[in-house]
Amino acid sequence: MADEMDRILDAVGPRLRTLRQLRGVTLAELSTDTGISVSTLSRLESGQRKPNLELLLPLAKAYGVPLDELVGAPPTGDPRIHMRPIRRGDLTIVPLTRRPGGIQAYKHVIPGGVETREPDPRVHDGYEWLYVLNGRLRLVLGDQDLVLLPGEAAEFDTRVPHWFGAAGAEPVEFLGLFGRQGERAHIRARPAGDETGE
């Protein structure tokens, strides 16, 4: 029993690091969100510090995931998917994929009436593809200031300074595909009437 508990606790650090990297959060940002020092977070992720409830509860809250997901509790057999939204300021992000690595899918919701917010473009490694579902999305990409309407898409290297927000008084909803290693979405379509896919 003690060996199994040690094995579970040893797996928490790498799981925390992977989760943070998938979310695109730095240790400094996570420290601000949780009140846990950067050095403690680093030691926790590297396995030099054993996890405890005092550390895991604020991390679970910051990531918007249940505690059992952080510690790798065995599945309960419940087939339902429980997506946990992530809040970043006025932005709500719902992860649609749960596997580590590869291209990740997210639904983003930005409330309306915040279009006066000053853009604050950021950069990070990766490649992003966006598709607007509802509303109007303002995308600042390098020196371009664009407005995407429902049904429109954009793709870009995230090393280019970028920022997005609602382009009006109504909320905007969009899907995002993100590849941390620069993976790009490949879209294939076959001509109408071609059922063979060749």
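**Close-up 1. Isoleucine 103 stands opposite glycine 179 in S9.** The strands here are S3 (103-110) and S9 (residues 172-179). S3 and S9 pair in the antiparallel sense over 8 bridges. Two strands pair if DSSP finds at least two bridges between them. Strands (E, at least two residues) and helices (H or I, at least four) are DSSP runs, numbered from the N terminus. This is a predicted model: local features need pLDDT of at least 70, side-chain atom pairs count only at pLDDT 80 or more, and totals for chains, interfaces and linings use all residues. Residues are numbered from 1 along each chain as its sequence is written, and side-chain values use heavy atoms, with hydrogens and water left out.

**Close-up 2. Glutamate 128 stands opposite phenylalanine 178 in S9.** S9 pairs with strand S4 (residues 127-134) in the antiparallel sense. The two are joined over 7 bridges.

**Close-up 3. Three strands form an open sheet in the order S6-S5-S8.** The pairing is antiparallel. Strand S6 (144-148) and S8 are the edge strands, and each pairs on one side only. S5 (residues 137-141) and S8 pair over 5 bridges. Leucine 141 has histidine 162 in S8 as its bridge partner.

**Close-up 4. Tryptophan 129 and tyrosine 131 form a stacked pair.** A search of the whole structure finds 2 aromatic pairs. Rings of Phe, Tyr and Trp (its six-membered ring) pair if their centres lie within 6.5 Å; planes under 30 degrees apart count as stacked, over 60 as edge-to-face and the rest as tilted. Here the centres are 6.2 Å apart and the planes stand at 10°, so the pair is stacked. Tyrosine 131 is partly exposed, with a relative accessible area of 30%.

Close-up 5. Phenylalanine 164 is in strand S8 and phenylalanine 174 in strand S9, so the pair ties together parts that are 10 residues apart in sequence. Both residues are buried. Buried means under 20% relative accessible area, exposed over 50%, partly exposed in between (1.4 Å probe, protein chains only).

**Close-up 6. The largest pocket holds about 1200 Å³ of space.** A pocket is an open set of points on a 1 Å grid where a 1.4 Å probe fits, with protein on both sides within 12 Å along at least five of seven lines; lining residues have an atom within 4 Å of a point. Of the 35 lining residues, the closest to the centre are Arg23, Gly24, Arg88, Leu91 and Ile93.

Terms used. Points joined across faces, edges and corners; volume = space filled by probe spheres on them.
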